[in-house]
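Welcome! Take a moment to look over the model, and then we will walk through its inside together.

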Amino acid sequence: MPKEKHTEIIVKSLIENLNKRHMEGQFFKTKDELLAYLDTEIKSGEKIASGGSVTLKELGVIDHIKGRNDVNYLDRNNAKDREEILELMREAFTCDSYFLS
């Protein structure tokens, strides 16, 4: 079985299991599909945070979100001190969207 087909079968099973637990999953074959989907899901004015995911950074998701001027991304990597980091982490509890992997 080709690796791509095997991956799709595993991901389909994973998404079905998420659905059973009242969660949603999405599968994208390309980075461009992913970023286009995010643009339809992230609404203007949203407050967004992330859990420090290397995967999201490598996929360009974080830079893509930061590049949107119509959302407020809580970037704790740019915090000036520990106190600001803690404040951003507390504020993340009230985010419209929180990304992790």
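Twelve residues make up the largest nonpolar core: Leu34, Leu35, Leu38, Ile42, Ile48, Leu56, Val61, Ile62, Ile65, Val71, Tyr73 and Phe99. Such a core is a set of buried Ala, Val, Leu, Ile, Met, Phe, Trp, Tyr and Cys residues joined through side-chain atoms within 4.5 Å, where buried means under 20% relative accessible area with a 1.4 Å probe, protein chains only. At least two residues of this core come from each of α2 and α4 (61–66); helices are DSSP runs (H or I) of at least four residues and strands (E) of at least two, numbered from the N terminus.

This is a predicted model, so local features need pLDDT of at least 70 and side-chain atom pairs pLDDT 80 or more, while totals for chains, interfaces and linings use all residues. Residues are numbered from 1 along each chain as its sequence is written, and side-chain values use heavy atoms, without hydrogens and water.

Next comes the sheet. Three strands form an open, parallel sheet in the order β2-β1-β3, pairing when DSSP finds at least two bridges between two strands. Because β2 (72–73) and β3 stand at the edges with a single partner strand each, one side of each is left without a neighbour in the sheet. Strand β1 (residues 47–50) pairs with β3 over three bridges, and alanine 49 stands opposite tyrosine 98 in β3.

Tyrosine 73 has these contacts (heavy atoms within 4.5 Å), leaving out residues up to four places away in sequence:

| Residue | Touches |
|---|---|
| Tyrosine 73 | Ile48, Ala49, Ser50 |
| Tyrosine 73 | Ile62, Ile65, Lys66 |

How values were computed: Buried < 20%, exposed > 50% of the residue type's maximum accessible area, 1.4 Å probe, protein only.
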